[in-house]
Each structure stands twice: as structure tokens, then as C-alpha cells.
Amino acid sequence: MRAGAPSVRCPLVEDTQALGERLGQGLESGDLLSLEGPLGAGKTSLVRGIAIGLGVDPREVRSPTFVLHHVYTSARLRLHHLDLYRLGPGASLDLLDPEELLLTGAVCVEWGDYAALERWNPVRIAADIDAQRGRLFTLLTPGAPARISRLWGVSA
Ligand SMILES: Nc1ncnc2c1ncn2[C@@H]1O[C@H](COP(=O)(O)OP(=O)(O)OP(=O)(O)O)[C@@H](O)[C@H]1O
Ligand SMILES: [Mg+2]
């Protein structure tokens, strides 16, 4: 639990996927989600749910740890899935150009805290492993759009 910030508890991977699905239904072009948390915390699982919410085949969703960037296309939206793990803390985004990606869809960045994303107004979501081996997703950005924050029980 992160002090003062709203969390959603997901005991099972299916719960994480369901949260992602509801997130995906509200996602719009230009949205940037920064997913932050330790190895295995459920970031890719959440993105898989988001893809389902957008109508993308979930089998397409794999961790882009080695290629850095996957693109999934649904009838409604293009979803860019980035993973900065291999770039490490202080990652440079010169190769990825979030501005361009946000013009053409929504962007989810695993290990988003490794790069300086502030200028693109990220919605920051922390993923943590709780004491019961479930997962906890915490909304770190107080001013997130209502279509996102309502999932954490936060009204705009
Ligand atoms: N409640 C849960 N939510 C998400 N994943 C869970 C949960 N319970 C178990 N898991 C398992 O945790 C594993 C890691 O999940 P995932 O790959 O989504 O994490 P990650 O944060 O993307 O890891 P990485 O930092 O390596 O990219 C998966 O095998 C998943 O099935
Ligand atoms: Mg991952």
C-alpha cells in the first residue's frame, strides 16, 4: 500500500486482467500509462487486459523486454506497448519518440519510472506484490482523467 494513494487489490492474475480490461475500455488516443513496479508485479498482465478491453487478441501481448516496443491495433485504438527494463534507470527515449506514438494511439510503458515521462503527462500506476502473493495496483497520479480514476473509486 502506498500512503494516501488509492489501490486496487488483485488476488489472481484474472483480477489483474479484468482491471486492465476496464482500463482499456476507457483509454483514448493520447493517453500515456506509466506502469511502475518490481519484476513480476503484473505490468504485462495488466497490459494484456487493456488489450482485451480494446478488442485486441490477448495472444499478441508479450513483454516487449527485448524489442522495447509492440503495437497492437484494434478497431477503436492503436496501443503502443513499451518496456524500458533493458534500458535501465535514466533511459533515453530518443529512439522511441513518445510524442509521435501519442499522436497515433495510447501508450503503456512498463518500467515507465526509468525515463523522464513528465512532459507527456503520464498516468502513473504502481504495481506491487502483496503479502498474500496477490497484486496491488495503485494510482499515483491524483489528476488522472475520470474515465481512468473511477476504477480506483476516485471521483473527479
Ligand atoms: N494477481 C496477479 N496479477 C498479475 N500477475 C500475477 C498475479 N498473480 C500471479 N501472477 C503472475 O505473475 C507473473 C508475472 O506477471 P507479469 O509478467 O505481468 O509481470 P511484469 O510486472 O510484467 O514483470 P516484468 O517486470 O518481468 O515485466 C505472471 O506469471 C502472472 O501469471
Ligand atoms: Mg512485463
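Is Asp130 buried or exposed, by its relative accessibility? At 12% relative accessibility, Asp130 counts as buried, where buried means under 20% relative accessible area, exposed over 50% and partly exposed in between, with a 1.4 Å probe and protein chains only. The legends below describe a predicted model, in which local features need pLDDT of at least 70, side-chain atom pairs count only at pLDDT 80 or more, and totals for chains, interfaces and linings use all residues. Residues are numbered from 1 along each chain as its sequence is written, chains are lettered from A and ligands numbered from 1 in the order in which they are written, and side-chain values use heavy atoms, with hydrogens and water left out.

**View 1. The salt bridge between Asp130 and Arg9.** The closest N and O atoms of Asp130 and Arg9 are 2.7 Å apart, a salt bridge being a side-chain nitrogen of Lys or Arg within 4 Å of a carboxyl oxygen of Asp or Glu. Because Asp130 lies in the loop between β6 and β7 and Arg9 in strand β1 (residues 7-10), the pair ties together parts that are 121 residues apart in sequence; helices (H or I, at least four residues) and strands (E, at least two) are DSSP runs, numbered from the N terminus. Arg9 is partly exposed, with a relative accessible area of 44%.

**View 2. The salt bridge between Arg147 and Glu28.** The side chains of Arg147 and Glu28 approach to 3.5 Å, N to O, and the pair links distant parts of the chain, with Arg147 in helix α4 (residues 146-149) and Glu28 in the loop between α1 and β2 (32-36), 119 residues apart. Arg147 is partly exposed at a relative accessible area of 24%, and Glu28 is likewise partly exposed, at 39%.

**View 3. The magnesium ion, ligand 2, and its protein donors.** Thr44 (OG1) and Glu110 (OE) coordinate the ion at 2.1 Å, donors being N, O and S atoms within 2.8 Å of the metal (3.2 Å for Na, K and Ca); water is not among the atoms, so sites may look incomplete. Thr44 lies in helix α2 (residues 43-54) and Glu110 in strand β5, so the pair ties together parts that are 66 residues apart in sequence. Both Thr44 and Glu110 are buried.

View 4. A polar side-chain atom of Thr16 lies 2.5 Å from a nitrogen atom of the ligand, and a backbone N or O atom of Gly40 lies 2.9 Å from an oxygen atom of ligand 1. The protein covers 70% of the 640 Å² of accessible area that ligand 1 has on its own, as computed by the Shrake-Rupley method with a 1.4 Å probe.

**View 5. Asp97 and Asn121, two residues with positive phi.** Asp97, although not a glycine, has a positive phi of about 45 degrees, and is found in the loop between β4 (78-83) and α3 (98-103), where it is partly exposed, with a relative accessible area of 37%. Asn121, also not a glycine, has a positive phi of about 50 degrees; Asn121 lies in the loop between β5 (106-110) and β6 (123-129) and is exposed, with a relative accessible area of 63%.

Note on methods
Polar contact = N/O pair within 3.5 Å; in protein donor to acceptor, adjacent residues only side chain to side chain.
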